[in-house]
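Here's a quick tour for anyone meeting this structure for the first time. Take a look at it, then read on.

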Amino acid sequence: MTATAPRDMPLASLSPPLPPRLRLEPTCSTHTLLDGGWWPRSTDPVTELPGLVLAIDTLRGPVTRLILSADGWNTHPQRLGVAGRVLRLGYFTSQVPSLLTAICANRSRVDLLVVPPHTTAAAAGAAMILAATASNLIHAQHIPLTPSAPPPVAAAEDAWEDEGGHLAGSSPAPPRRQAIR
């Protein structure tokens, strides 16, 4: 659940932070293109960002600001309350939707691939591993992702046929009707 407030007031989630689906480059190298990947569960920044911020705080130092794409988030709060402090959030049209930058108090920055919430688990895992590899030379917007989609109709029909449906190419028996008297 998300709290609402005027645009300049900090927002805070009414629920405890979710543990982030996050993978970071383990050596903390400053010569990497990306520092890792993050796979949020939704596009609600008030719900998703606190858990990410707390994880980065622990691994890389306290986060003071987040730079996000203006696209891809359902709201754009300017301030977010996390663990007793207020972070500034900046949303920019020039920032690609697949990139989030965290600025830490020690002046370091963490650049993360943002995997869209509806990406398949296999594609999200592969993308986050690639983003967290020190030798990666692929920019966030060029890392391939496979969004999840409903199963194709043919697959559903095949499963139905395996469970006693009619054979492909044959006509099913006409439905039985009960006479109404």
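## The largest pocket

How much space lies in the largest pocket? About 200 Å³. Keep in mind that this is a predicted model.

Who lines that pocket? From one part of the chain come Cys28, Ser29, Thr30, Thr32, Leu33 and Asp35, then there's Arg60, and finally Asn106, Ser108, Arg109, Val110 and Asp111. Strand β7, covering residues 109-114, gives the largest share of the lining, with three residues. Sorted by class, the lining has five polar, four charged and three nonpolar residues.

Side chains of opposite charge can pair when their charged atoms come close.

Seven strands make an open sheet with mixed pairing, and their order is β1-β2-β7-β6-β3-β5-β4. On average, neighbouring strands are turned by 25 degrees against each other, if you ignore direction.

With β4, strand β5 pairs in the antiparallel sense over four bridges, and here Gly81 stands opposite Val86. With β3, strand β5 pairs in the parallel sense over five bridges, and Ile67 stands opposite Gly90. β4 and β5 also form a hairpin with two residues between them, and Ala83 in the turn has a positive phi of about 50 degrees.

## Helices on the sheet

Helix α1 (residues 45-60) lies across β1, β2, β3, β4, β5, β6 and β7, and runs at about 60 degrees to β4. Helix α2 (residues 121-131) packs on the sheet too, where it touches β1, β2 and β7. The direction of α2 makes about 150 degrees with that of β2.

## A loop worth a look

One last stop is Ala70, in the loop between β3 and β4. Which residues does Ala70 contact, leaving aside its neighbours within four places in sequence? They are His76, Tyr91, Phe92 and Thr93. The C-alpha atoms of Ala70 and Pro97 are separated by 7.5 Å, although the two residues are 27 residues apart along the chain.

How values were computed: Residues numbered from 1 in each chain as written. Predicted model: local features only at pLDDT ≥ 70, side-chain atom pairs only at ≥ 80, totals over all residues. Heavy atoms only, no water. 1 Å grid on protein atoms, 1.4 Å probe; cavity = no way out; pocket = protein on both sides within 12 Å on 5 of 7 lines; lining within 4 Å. Points joined across faces, edges and corners; volume = space filled by probe spheres on them. Nonpolar A, V, L, I, M, F, W, Y, C, P; charged D, E, K, R; others polar. Pairing = 2+ DSSP bridges. Axes fitted to C-alpha atoms, helices over the stretch in contact; angles between N-to-C directions. Contact = heavy atoms within 4.5 Å.
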